Amino acid sequence: MARRIVFRLLAAALLYSAGAPLLQGQDDLPEAWSDATLCDEVDCDSLDECCDAMFQSSPRRCLTLQDRLPSMIGDFFAGPQTRAVGDYRLDRVFVFADDLDAPATLPPGANTLTISESGPVGIYASSLASVQQAQAIFRASGTLPAASLAGTIAGNATLTTTDTISQIQAQLASTAQAYDIILLQPPPGTYDTGVHAAFQSRNALTGTTVFDANASGAMLQGGTDSMNGGEDLDAYYFYDYLIRFDTALPSAANGGVGSMKIAEGGSVLPQDRVFFNYSYFDDVVASNASSGLNRFTPGFEKTFLGGQASVELRIPFATDAVSDLTATSTAVSNGSSAELGNIMLYVKALLYGTDTYALTGGVGFGFSTADDIAVDLADGTPLLRVENDAVQIQPFLGWLYMPSQKWFAQGFTQFSFATDENDVWTNSGQGLQAAGSFDDPDYFFFDVALGCWAYRNDDAACLSGIIPTVEVHHTNSLGDDASIVTAGNIQVGNWGGTTSLTSAVVGTTFEFKQQGQLTAGYAVPLTSSDRQYDGAFRMQYTRLLR
């Protein structure tokens, strides 16, 4: 709660600063770099009067060369990587080998005991879950729950004890109650084969057969509490039919569409513009497989307070995002579909501006509009849900340095904080139930670009500029990412460590009539340990409005 209050105060302070008298206004922006040829066509005494006359609105200023600089291209950040590990029980049976006769003369006490008699052996389905449960029922003079025959094993009825005969005799003599459990070694492999066939005949889904040694064991018949030879033993071998999974999950913080930051298509200065961004991200890590991601982001930016501040809206969506996964006995498969990402709202204000420098500040809000992450069984049974609950708060500073009319550098420093935790729902056989929640990590982003006007003609009828740029982007988590929810046999969350990503971007912007900008670029990760993609092609069209 305290962190949410701090975020809201920070956002309020940044919004207030947009109108503060400390800010340097639009009159301080460089008049020398405006599109002066257009202004000269109007009889006026100042730049603002020229623009007012040209555009018949007030107040309105002409675009400076700083205003015409391209937006940053940006890299790709998939968001915090979560993981799910666990077992889902489809079925449970036990093999019951009864009336196994111990020899009248037992082997020497240092030996284990092995008994084998002719089969077949029954496989039973029942609510009985363990030999420990059977022990409790017998000690209370109760009756075992009803069981139905699920199959048979053609091999012999057999058992081999884990402890030696001397150890078993000491165990039985040390307790006052009867029906002590004698630990057993796993039965022959023919038991696994027979039980697996029974599971397959009982279930539409294919699972993995697992022997449960902890739930298995033997007891002496008749309630006797000593073993001297000639007794009868009943052996209980319990088996589970499981869906076993260990898989990476797409980030619940963005529904598999990818996280966004101000440097992805953002401008340092407040602008009036509309834009459309297309990105293809190659080999994006999602689940245990990688796949391409096509993302589209329409948006707009509108200035206010006389051009000193702006509000920007982005609506990302992807045609093949991974948010739904299917668990089978051997793997977890991805299911891709068209998905809306987290809608982003940025508020930005000019803090300082000259003909060489500019400094802006603002805050972004990532609303949790993306879908939750879902893992289902092949028959549609829900297995796991990770909800996208947290609003992302992203305070940032932007800067611009333009020492000449040709060269420029610009960049952003940004943080990202989650306001809430992501709720986790798991299915342990009774449907989805709340299991807990885990935090999204907090992040620091640093983005810088260097560019130049390779070609510029303000009087051109069509192509008025060509602007190549080189960018470097770095992402780092703040502290340890670890945050895990444990529910029964399932664990979900961020599995620890820190995230550190660095990418390089090269691109070029083509300017048309000083108002249209078409930018194309390619991003590649420079780090390998936390690599989230292999390459990213990015294209954006921006229309400046004035």
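Asp-283 is found in strand E8, residues 273-286. Helices (H or I, at least four residues) and strands (E, at least two) are DSSP runs, numbered from the N terminus. The phi of Asp-283 is near 55°, a positive value in a residue other than glycine. Most residues other than glycine have a negative phi, and most peptide bonds are trans. Asp-283 is partly exposed, with a relative accessible area of 29%. Here buried means under 20% relative accessible area, exposed means over 50%, and partly exposed is in between, with a 1.4 Å probe and protein chains only.

Some ground rules. This is a predicted model, in which local features need a pLDDT of at least 70 and side-chain atom pairs count only at pLDDT 80 or more, while totals for chains, interfaces and linings use all residues. Residues are numbered from 1 along each chain as its sequence is written, and side-chain values use heavy atoms, with hydrogens and water left out.

Now confidence. pLDDT is the predictor's confidence in each residue, from 0 to 100. The protein averages 85, and 86% of the residues score at least 70. Among the elements, strand E10 (residues 309-314) has the highest mean pLDDT, 97, and helix H1 (residues 2-17) has the lowest, 39. Over residues 1-61 the pLDDT is below 50. That stretch still has 97 contacts in the model beyond near neighbours in sequence, where contact means heavy atoms within 4.5 Å.

Next, the whole chain. There are six helices and 28 strands. Of the 546 residues, 50% count as buried. Take the contacts between residues at least 6 apart in sequence: 73% of them join residues at least 24 apart.

Which residues touch the most other members of the largest nonpolar core? They are Val-95 and Leu-159, in a core of 32 residues. A nonpolar core is a set of buried Ala, Val, Leu, Ile, Met, Phe, Trp, Tyr and Cys residues joined through side-chain atoms within 4.5 Å. Elements giving two or more residues to this core include strand E1 (82-101), helix H5 (165-173), helix H6 (189-202) and strand E7 (232-249). The largest share, five residues, comes from E7. In soluble globular proteins, nonpolar side chains tend to be buried together.

Leaving aside neighbours within four places in sequence, Leu-159 is in contact with residues including Leu-100, Leu-184, Ala-218 and Ala-235. Ala-235 is itself in strand E7, and Ala-235 is buried, with a relative accessible area of 0%.

A second, separate core has 22 residues, among them Ile-373, Leu-383, Leu-384 and Phe-438.

Two strands pair if DSSP finds at least two bridges between them. Strand E19 (residues 421-427) and strand E20 (residues 432-439) pair in the antiparallel sense over seven bridges. Trp-425 stands opposite Ala-434 in E20. Four residues lie between these strands, and Gly-429 in this hairpin takes a positive phi near 115°.

The other hairpin is made by E24 and E25, with two residues between them. These strands, E24 and E25 (residues 490-494), are antiparallel and pair over five bridges. Ser-483 has Asn-494 in E25 as its bridge partner, and Gly-488 in the turn has a positive phi of about 65°. Which residues of E24 are on the covered face, and which on the uncovered one? Ser-483, Val-485 and Ala-487 are on the covered face, while Ile-484 and Thr-486 are on the uncovered face. In a regular strand the side chains alternate between the two faces of the sheet.

Finally, some backbone details in the loops. The peptide bond from Gly-119 to Pro-120 is cis, with omega near 5°. Pro-120 is in the loop between strand E2 (114-117) and E3. Ser-141 lies in the loop between helix H4 (131-139) and E4. Ser-141 has a positive phi of about 60° although it is not a glycine, and Ser-141 is exposed, with a relative accessible area of 69%.
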